[in-house]
Amino acid sequence: MKKGLLRLLALTLTILLFMPAQAEERQDSCRSRVAVVLSGGGAKGMAHIGVLRVIERAGIPVDIITGTSMGALIGGLYSIGYDAATLDSLVKVQDWKTLLSDKVDVSNQSLAERDKQNTYILSRPLSITRKARNAAGGLITGINLSQLFTRLTVGYHDSIDFNNLPIPFACVATNIVDNTEYDFHNGVLSNALRASMAIPGVFTPVRQDSMVLVDGGLRNNYPADIAKRMGADIIIGVSVQSDNRTAAELKSGPDILMQIVDINCKNKFDENWDMTDIPIKVNVKGYSSASFTRAAIDTLIARGEEAAMQHWDELKALKRKLDEEGLIYKPRKTRPVPTSEELFIKIDSVCFDNIVASDRNYIVSKYKLGKGDSISVKRIEEAITTLGVNFLYTGAGYTINKSGNGYILKISAKSKRTSRINLGVRFDTEEMVALQANMSHQIKARIPVILELTGRLGKRMMARLDAQINPLHYGKIGLSYVFRHDDTNIYQRGQRDYNFTYNQHSVNLQLLSFNIRNFSVDMNVKMDFYDFHDMLSGPTSEYETLDNMHFYSYIFRLNYNSEDRWFFTTRGARFNAGYGYYTDNFIGRDDRAGLSIADFMWRMSFPLNSRFVIQPMVSGRLLFGNDIPLIMRNSIGGQLPGMYLEQQVPFAGIGHIEFVDNMLVVGQIMAQQRIMDNNYIIGRLSFGQRGEKLRDLFKLGPMTGCEIAYYYNSMFGPVGASLGYSSRTNEPYFYINLGFQF
């Protein structure tokens, strides 16, 4: 009953959103028509929302709205029913760092793809053949912005006349083929918004017919003249352009670049500003086009409201004039902000543009996109993500248009690449510099076949070759070969004990890898060969033997991850568990039972407010069997699981690798405080129990450790340093990390 009611509510919301509102009633021709003109300015354009709030408060109707770049986005959404309060909420909940990049929303990715996204700083699709290449023209394709615009403009996906929107609208782009202004008065609304804010060199341009369209600010950053041509009698204009910097202020490359951009955005500005009846100039000092932090957005909206209130008397005078002309003001119907989970459609038909047949069949089957199916927009977005991430399409997107009792779903892409290359680089005080590169290549076949080659350079070297096929919608079968070379230092109670080097050769047959959103199950058969080279002696090394050895193992792993972020998590949970049975003859080891290894890790984040998070964690590794080889022993230390050895369990205050007993359980409490937007103070407290047998787990006293760290969330990964101390080492440990972990 409850589920049925929820689905009814969701369908009702969908119907309301998909039915374009009829153009709002307009008063007779005797009343003056009021236009609002919004300038471009990147993040500074958030101030437009504050101005619109004051215009609504004054009771002034908006009959026409025009804009450029961010002004086009705010104006376009306002024209189809989003009021100022809704826009305020909308821009504040967006993850602008992801929107203004090509990173895929983690909620639409498999766990393996999330791992890649949080390992590599650069990811680019490419084509092996010259014929398949096409010019992108920008560092960022803008796929995330396009998907957001598509979702927000549901009901307006057809090519339409913008004069028939609830508020007539127009926006500006620049055709860089001949450096001319192109004014959007019709077309697909989301495409117009995307073109108007395509910053040259940053976002790929929008190609339409013979035109290559980029940010309209290059030709007309304040389109009051367009509003006049659309019939405006009175213009309320908003400018968020920065004043020119003085010679003393032009101290850096970014300062000079922004000065050039601002100067080029002043084409036609003076004459258009002169025709404005109520010119509102917002003070944006201290902010730039890239100020998309939550604090900056709050301040800019407030400054827009403050600037508009300085013209309150003029706005009220305009309201009285309109009243005298016969205005009967009616508040606008507010368009709700749709989430992809709330929007459901009934498919009448599905069509594909530039998608090959095998990929098309896979998408239709996996995501159930058949005629008559009722699906959420969330599922469509997951399908688009699969096209981009798994099948290497560029510019993948969708439109939904009304057709009879259902909707026509059109999925399209610009081109299909055959390969993708990823690059990661990092620095820390343990390994110094490390570099990792990954290349994936798709083989054209009825069932998708993916080949991957990964290489790592540093103190720990690695080469890996993977081949995977997807015979099932949610499952994979694969075969991989991995070569590792490790130069490992082992510490004993904080002091370096000995060092050994070895090569590891692994062949892994992945019988099944089953993935659904946050959940994965893996079953593998694996062969490992360890070739030990040298051991530098130390106090306890005389008790160690390093004979070459091999293992045949059977491994089962279960993973669950609903965390909102890979690093600096604020909500969600993560759980990993695994069991492995290790033999040297497929059945046992040295004519005895094989080794059994079980491991687990659980953690959950509890946000106490928007900035402070508590995260408890429990992890452990249990070894069962006789004569455990050195290379498989439990080890603790470091910041993350498997940081230096595959079996390594992190422990606050211990930076190096220390071997411990066969039974190990570690608990941890982490407190994370966000300062401003991307700065974090993190404290960790760890405690552990160990023993040779399970019954001895609590016989020895507990190990404890603590750590305090500062990190900055940069586009290159976490950047920061930590200082820790543990009862096992009895000395402080200092660690610096720059970049993603791998």
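Is Phe532 buried or exposed, and what is its relative accessible area?

Author: This is a predicted model, in which local features need pLDDT of at least 70 and side-chain atom pairs count only at pLDDT 80 or more, while totals for chains, interfaces and linings use all residues. Residues are numbered from 1 along each chain as its sequence is written, and side-chain values use heavy atoms, with hydrogens and water left out. Phe532 is buried, with a relative accessible area of 10%; buried means under 20%, exposed over 50% and partly exposed in between, for a 1.4 Å probe and protein chains only.

The whole structure holds 18 aromatic pairs. Rings of Phe, Tyr and Trp (its six-membered ring) pair if their centres lie within 6.5 Å; planes under 30 degrees apart count as stacked, over 60 as edge-to-face and the rest as tilted. Phe162 is buried at 0% relative accessibility, and Phe169 is buried with a relative accessible area of 0%.

Phe532 itself pairs with Tyr502: the ring centres are 5.7 Å apart and the planes are at 45 degrees, so the pair is tilted. Because Tyr502 lies in strand β25 (residues 495-516) and Phe532 in strand β26 (residues 519-536), the pair ties together parts 30 residues apart in sequence. Strands here are DSSP runs (E, at least two residues), numbered from the N terminus. Tyr502 is buried, with a relative accessible area of 3%.

Technical notes:
Helix = DSSP H or I, 4+ residues; strand = E, 2+ residues; numbered from the N terminus.
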